[in-house]
Amino acid sequence: MVTGQKLPFSITLSRIGYKKKTVLVSESPTKIELDPVTQDLDEVVVVGYGTQKKISLTNSIASIDGDKLTKRPVSNTQQALQGLLPGVTVQDLGGKPGQSAANIRIRGLTTFNTNSSSTSGYDLSKNNALVIVDGIEQPWSKLNPNDIASISVLKDAASTAIYGSRATNGVIIVTTKSAKSGHVVIDYNGYYALQKSINKPKQMDAVSYLQLQQDAYRNAGLTVPARFSDESITAYQTATDREKYPLPNTWFDTLLKTAPQQDHALSFAGGNEILRSRLAVRYNKQDGIIEHYGAELADIRLNNDYKATSWLNFTGSINYRYSKAAEPGRDPINNFLHGSMWVVPKYDDGTYGLSTQGNNPLMLIEKSGFKKVNENYLSSIVKTDIQLAKNLLFTSQFGVRVNLNNSKTFLNAFDNKDRNTGIVKSFPINSLTEIRDNSSEYTWNNLLTYQLTAGPNHIKALAGYSQIHNYQNYLTAYRERFYNNDITSIGQGADDPTKNNSGYDVQYGLRSFFGRVNYDWKGKYLLEVNGRYDGSSRFTGDKQYGFFPSASAGWLLSKEEFLKPIGSWLNEFKLRASLGKTGNQSVDLYSYYSALIAAGYDFGGKSVQGYRLDSYANQQLGWESTTQYDLGLDAAFLNNRLTFTLDYYNKVTDDILLNLDIPAVLGLKPSPQNAGTVLNRGWEFSANYQKRPSAPGAFAYQLNANFSINHNEVTDLKGTGPYIAGSDIDPRYIIAKGLPINTLWGYKTDGIFQSAEEIKAYGATYATNTKPGDVKYVDLNGDGIINANDMAAIGNSFPKYTFGINGSFSFKNFDLDLLFQGAAKVDTRLSGALAEMGNQEGFTHEIFTGNYWTPTHTDARFPRVVKYDLRNVATSDRLVVNGSYLRLKNIQVGYTIPLNAIGKTAINKLRVYLSATNLWTISKLNEWNLDPEAESGRAVYYPQTGLYTLGVNLTL
């Protein structure tokens, strides 16, 4: 019952197990009844270029309501999908304020780029899913979570083939919110959060570290420096003057702070049957947990729906977003761990302490300069629907998006002298780098949709044409030796040969014809056929166009007579199967042209500038293509309180680009050719159970669980490879036939040598002068030598298993949401200071304390320490940690204040909540104080954060 409000007013009600309802109240008291969710036999799911009833789907599509995405306060929308949908792997790598570091992978990794690698492996950027927002391709990072009405994730080839050459990695379709008819509804959603780093690696205590260094120098046959002498250890045990006796490494405690984050979203929505509008604005500010990092953004979106006549509708939207981010000019995070030991962070006179290498991360944060990034993003879409006949609809849509990015990095000139040690660090030259990175894209879609129902037969057909044109402009300029650090205009730098600039202009286009036919008989037997004919400017000749077909079928057994006797508890039982082909056009632009490079030659006794061919042109370059089949089952039980979905898929990606050998007599570099093949196959499970309230305010809950298995394997490299990236001291990755993409590669080990006799009997050693306490590397090929031929697969960089559990509970006016998320059979390779056990001048984790081999501690977990010697930290399985984890990703407790407690106001809903993210984690990496979601390597990333949030949801 609702009483005490000024009439008339609109009110929106929602409760677990019931559909959300907005009604206009014109009399009091008024009784409002909510309709129970019946797992939506009439629920509509957004698919490619249209919608379908969920019960009639023959494809593998996962969908989620936009309201669920805002349960977790996030800085980017990608993070909000984590753990919610089967087959969708979200790797949340943290990220500096204003910069997303989350990757979304749908059904594994399909491709790779052997021409580009880093400490996290070969480049996998071409595995990104296609994101369609209101019919137009747009980037994830530009979305406001509060504007999202629903998300559909298209996973199998039958659902994605309608997008052809852009769909190999799956498609994510986002529909933004629009207004409903009625009085204007005003919504405010805001929160204030405190961010904290969830991982702070802990340095070994000073005395233990000094003792370790003594052992390391002696094991290396070196003289122990005075700093590590017994007298020094005694002095450190009693010291209180930390300027004279600084601790080895305090950077994580000194430089990581608690920082605020706030978000405010306000929307106005309303209208009548002819014109409806929704205006939404948002402001977000995120301070960094490290000083001088921070970001702000402002966003505005206007969505309009205009019904001109009974047969003519117009829809339009415009979205503008401005964001800016800042960070220090020189990256300080590497020096948290490397080359910055025994440093006084800052003296009372404002100068900085310095390590023997001249490093101090606090000095870089405060004095090195700045990097500022500003971005203006604009998207606009206009759509017209014309009802040509009763069953015939024509839709024309035109969209444009413009991205204007500029960045400015100014590196200060300055000097600093450590007043205790006399060490000097000098940056004598200041410099400025400016970048302008602008792009625009225009999309024109034209659709013709026909529907026909004749007795038990229902047919829906779609024919379409689409054209996309993209233009990019990039310009960079560099100058140095400015008059001082306050003048940061590019024209004020030295006008001499040190200046530099470069840039490029590129463009590409895509022209497509596509169609789809859906047929069902009595809603029991379902059939869908798709096809798309794509032409891309990225290719030439007969390779410019490609055809991408698919077909799927479903059988709704629950409508069969022989299952009617159990229809009281079996509400839906559907089998489905699909087969199709999709493509990937993400090849480098102009790859089919020959590349020229500058080359000088002698002409008439004079040096002349010319050009020569550098690489072989491959005009047969074509699409990467993926063929996938899917078998699925959908079921609903107990009056749709329990639903279950199961999928098995097998997808093979062919024609991955590789640089195959060409005859050396040509004198040219090879160009990419279509050659590689990758297999992904797996299972996906999803179950949902809801207990509806027996009476208003009674206890209710909803539980959702999903689990995914993905097997990834490179099956063909056309005789090339293996491709190996990395080094002995950093993670080493391999792409080879029979292994997953970016498999960790290195030596297998068999414990630690315990005696000289064992070493002599074994014979094969990694380094000369191997002694007891050194790592015993396995001689896999038995040739008596430890070298690269003995390396093997030692870990997986991408999880085989991913899972999530989401629970929503309500009682009276209280509600509780929990999200658990995790991954398994994934590994992290430690490197740099984390792995080196103090043998260089780096951070040394407390895990090594009293836990390394000595003649009196032969059962230690870690090998002996040897100064300036990496024999025991070569890339091996000893440095690989099981990266599996289970994390309480989000917990939120809310209370909706009763309207009669508020009094006579315009408020229709007022809810306050407390939430926490990344609150609790089970992982082997906990003992290293590392984030299990982070990539392998030296842990020199911006820290992952946990948020503690107070928020409010207000509706007027």
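These legends describe close-up views of a predicted model.

**View 1. Helix α4 packs against helix α5.** Helix α4 covers residues 206–219 and helix α5 covers residues 230–238. From α4, the contact involves Ala-206, Val-207, Leu-210, Gln-211 and Gln-214. On the α5 side it involves Asp-230, Ser-232, Ile-233, Tyr-236 and Gln-237. Sorted by class, five residues of this contact are nonpolar, four are polar and one is charged.

**View 2. Helix α4 and its buried residues.** The helix has 14 residues, and its first and last C-alpha atoms are 20 Å apart. This is close to the 20 Å expected at 1.5 Å a residue. Helix α4 is mostly covered, with 10 of its 14 residues buried. Ala-206, Val-207, Ser-208, Tyr-209 and Leu-210 are among the buried residues, and the list also includes Leu-212, Gln-213, Gln-214, Ala-216 and Tyr-217. The buried residues of α4 pack against α5.

**View 3. A five-stranded open sheet with mixed pairing.** The strand order is β5-β12-β13-β10-β11. Strands β5 (61–65) and β11 (136–137) stand at the edges, and each has a single partner strand, so one side of each is left without a neighbour in the sheet. Strands β10 and β11 are paired antiparallel through two bridges. Within this pair, Val-133 stands opposite Ile-136 of β11.

View 4. In the strand order, β13 is placed between β12 and β10. With strand β10 (residues 130–133), β13 pairs in the parallel sense over four bridges. With strand β12 (residues 148–154), β13 pairs in the antiparallel sense over six bridges. Ile-173 of β13 is the bridge partner of Ile-132, and Ile-173 is also the bridge partner of Ser-152. Strand β13 spans residues 171–176; five of its six residues are buried, so the strand is largely enclosed by the rest of the structure.

**View 5. A four-stranded open sheet with antiparallel pairing.** Its strands follow the order β35-β36-β37-β40. The edge positions are taken by β35 and β40 (792–795), each with a single partner strand, so one side of each is left without a neighbour in the sheet. Direction ignored, neighbouring strands of this sheet are turned by 45° against each other on average. Strand β37 (residues 743–746) runs antiparallel to β40, and three bridges join the two. One of the paired positions is Gly-746, whose bridge partner in β40 is Ala-792.

**View 6. The cis peptide bond between Gly-721 and Pro-722.** Omega of this bond is about 0°. Pro-722 belongs to the loop between β34 (700–716) and β35 (723–725).

View 7. Phi of His-292 is near 70°, a positive value in a residue other than glycine. His-292 sits in the loop between β16 (275–287) and β17 (294–309). Its relative accessible area is 46%, and His-292 is partly exposed. Arg-481 also is not a glycine, and its phi is positive at about 55°. The loop that holds Arg-481 runs between β24 (457–480) and β25 (500–521). Arg-481 has a relative accessibility of 41% and counts as partly exposed.

View 8. Ser-915 belongs to strand β46, which spans residues 909–923. Buried residues have under 20% relative accessible area; Ser-915, at 7% relative accessibility, therefore counts as buried. Apart from neighbours within four places in sequence, Ser-915 touches Pro-73, Asn-890, Ile-891 and Gln-892, among others. Its contacts also include Leu-947, Tyr-948 and Thr-949.

Technical notes. Residues are numbered from 1 along each chain as its sequence is written. This is a predicted model: local features need pLDDT of at least 70, side-chain atom pairs count only at pLDDT 80 or more; totals for chains, interfaces and linings use all residues. Side-chain values use heavy atoms; hydrogens and water are left out. Axes are lines fitted to C-alpha atoms, for helices over the stretch in contact, and angles run from 0 to 180 degrees between N-to-C directions. Contact means heavy atoms within 4.5 Å. Ala, Val, Leu, Ile, Met, Phe, Trp, Tyr, Cys and Pro count as nonpolar, Asp, Glu, Lys and Arg as charged, and the others, Gly among them, as polar. Buried means under 20% relative accessible area, exposed over 50%, partly exposed in between (1.4 Å probe, protein chains only). Two strands pair if DSSP finds at least two bridges between them. The expected span of a helix is 1.5 Å times one less than its number of residues.
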